[in-house]
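This briefing sets out the fold and selected residues of the structure shown below. Please read the points alongside the sequence and the model.

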Amino acid sequence: MAKRQNSNLPLSEALNEFIKENKLQKGMDKVDVREAWVKLMGNGVNNYTTGVELKNETLFISLSSSVLREELSLGKSKIISLVNEELGRELVKKLVLR
């Protein structure tokens, strides 16, 4: 457990410090990527999305529609840039559609 500091910290800084000390950033990244996917793709794509998983800078998307998978595969680089822009940093390097 971290030592208690006497100075006042904003809540966001305290949470970021907690995440950093407890090495929770990878888990937070996974949650952030899922939220970004839902926000960017909208209801049409999300209805056919069965799984969103981030592993070592690779985003794995499971889809129940082969037609949608083909359509999205044409714009992989665009999707990667949109997700990274939404997250505010270069987190996803590769996209795999299943």
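At 42% relative accessibility, Lys55 counts as partly exposed; buried means under 20% relative accessible area, exposed over 50%, and partly exposed in between, with a 1.4 Å probe and protein chains only. The model is a predicted one, in which local features need pLDDT of at least 70 and side-chain atom pairs count only at pLDDT 80 or more, while totals for chains, interfaces and linings use all residues. Residues are numbered from 1 along each chain as its sequence is written, and side-chain values use heavy atoms, with hydrogens and water left out.

- Lys55 lies in strand E1; helices (H or I, at least four residues) and strands (E, at least two) are DSSP runs, numbered from the N terminus.
- Between Lys55 and Lys30 there are 8.4 Å in space, C-alpha to C-alpha, although the two are 25 residues apart in sequence.

**Overall fold**
- Four helices and three strands make up the secondary structure of the protein.
- Read from the N terminus, these elements follow the order α-α-β-β-α-α-β.
- The protein has a radius of gyration of 17 Å, whereas a compact globule of 98 residues would be near 13 Å; the radius is taken over C-alpha atoms, and the globule rule is 2.2 Å times the number of residues to the power 0.38.
- The C-alpha trace spans about 60 × 25 × 20 Å along its principal axes.
- Of the 98 residues, 28% count as buried.
- Among contacts with a separation of 6 or more, 49% come from residues 24 or more positions apart; a contact means heavy atoms within 4.5 Å.

**Strand pairing**
- Strand E1 (residues 49–55) and strand E2 (residues 58–63) pair in the antiparallel sense over six bridges; two strands pair if DSSP finds at least two bridges between them.
- Within this pairing, Leu54 stands opposite Leu59 in E2, and Glu53 stands opposite Phe60 in E2.
- The hairpin of E1 and E2 has two residues between the strands, and Asn56 takes a positive phi near 45° there.
- E2 also pairs with strand E3 (residues 94–97), in the parallel sense and over four bridges.
- Phe60 has Val96 as its bridge partner in E3.
- Five of the six residues of E2 are buried, so this strand is largely enclosed by the rest of the structure.

**Asp29 in helix H2**
- Asp29 belongs to helix H2 and is buried, because its relative accessible area is 9%.
- Apart from neighbours within four places in sequence, Asp29 is in contact with Leu54, Arg89 and Leu91.

**Surface**
- Phe18, Leu24 and Met28 make a nonpolar surface patch of about 270 Å².
- Patches are made of residues with over 30% relative accessible area and no salt bridge, with like charges joined within 9 Å and nonpolar side chains (Val, Leu, Ile, Met, Phe, Trp, Tyr) within 5 Å; a salt bridge is a side-chain nitrogen of Lys or Arg within 4 Å of a carboxyl oxygen of Asp or Glu.
- Leu24 sits in the loop between helix H1 (11–21) and helix H2 (25–46), and Leu24 is partly exposed at a relative accessible area of 37%.

Key:
Accessible areas come from the Shrake-Rupley method with a 1.4 Å probe; for residues, only the protein chains shown count as cover.
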